[in-house]
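Colleague: I have not looked at this one before. Can you walk me through it?
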Amino acid sequence: PLYFVAKESDEKIIMVGQGADELFGGYARYSKMGEEEAEKRMRGDVKELIESGINRDRNVVALFGKELCCPFLNEKVVEFSLSIPVSEKITENEKKAVLRRAARLAGLGLPTERKKKAAQYGSGIMKVMKKMAKKDGITVGQWIEDMAD
């Protein structure tokens, strides 16, 4: 999805929410762990994202002369977010609970109540990419690389 947004948009800066799941407990795996284990895993996932994962996305938008803006990965946001106890981030009823509460307080309403679904699956683009890759007799990863070339 980011590839197509960068390709088709007129904006020079593409703003994304990368890091929100890692910082605020958005992945289901975190809710299956004890609080100490979840905190350790979240810290590791954030570190990995900052050190290597986000570079892929930066490279994707750079293909089109664009810049990636990741507000959740701002050093002060990361530091503050990691200081929040896991019990505030993941409750019995919701993941990213503290982030959702902040959004509600900001008056954002309905979007705060929706369950998250990754764009590549919710939009159906992953299904299309798999179909196109299969038609070409290659993997989705190879298809993406070929598209980037």
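Modeller: One term before we start: a polar contact is a pair of N or O atoms within 3.5 Å, and within protein one must be able to donate a hydrogen and the other to accept it. Also, this is a predicted model.

Colleague: Fine. What does a side-chain oxygen of N74 reach at the start of α5?
Modeller: The backbone nitrogen of K76, which that oxygen of N74 approaches to within 2.8 Å.

Colleague: Staying with α5, which residues in that helix are buried?
Modeller: Helix α5 covers residues 75–83, and V78, S81 and L82 are buried there. Seen down the axis of α5, the buried residues fall within an arc of 95°, so they line one face of the helix.

Colleague: What covers the buried residues of α5?
Modeller: The cover includes α2 (20–24), α4 and α6 (86–89).

Colleague: Change of topic. How many residues has the largest nonpolar core?
Modeller: Twelve, including L2, Y3, L49, V60 and L73. Two elements, α1 (2–8) and α4 (35–62), each give two or more residues to this core. Helix α4 gives the most, with four residues.

Colleague: What does V60 touch, leaving aside its neighbours within four places in sequence?
Modeller: V60 is in contact with L2 and Y3. Apart from that core lies another, of seven residues, with F24, V46, V78 and L82 among them.

Colleague: Next, D57. Which helix is it in?
Modeller: D57 is in α4.

Colleague: Buried or exposed?
Modeller: D57 has a relative accessible area of 6%, and buried means under 20%, so D57 is buried.

Colleague: What does the side chain of D57 make a polar contact with?
Modeller: With the side chain of R56, at 3.1 Å. Beyond neighbours within four places in sequence, D57 is in contact with L2, Q18 and L68. Of these, L2 and L68 belong to the twelve-residue core.

Colleague: Last one, I138. Where is that?
Modeller: I138 lies in the loop between α9 (125–136) and α10 (140–148). Its relative accessibility is 27%, so I138 counts as partly exposed.

Colleague: And what does I138 touch, not counting residues up to four places away in sequence?
Modeller: A133, W143 and D146.

Note on methods
Residues numbered from 1 in each chain as written. Predicted model: local features only at pLDDT ≥ 70, side-chain atom pairs only at ≥ 80, totals over all residues. Heavy atoms only, no water. Core = buried A, V, L, I, M, F, W, Y, C linked by side-chain atoms within 4.5 Å. Buried < 20%, exposed > 50% of the residue type's maximum accessible area, 1.4 Å probe, protein only. Contact = heavy atoms within 4.5 Å. Arc of directions from axis to C-beta.
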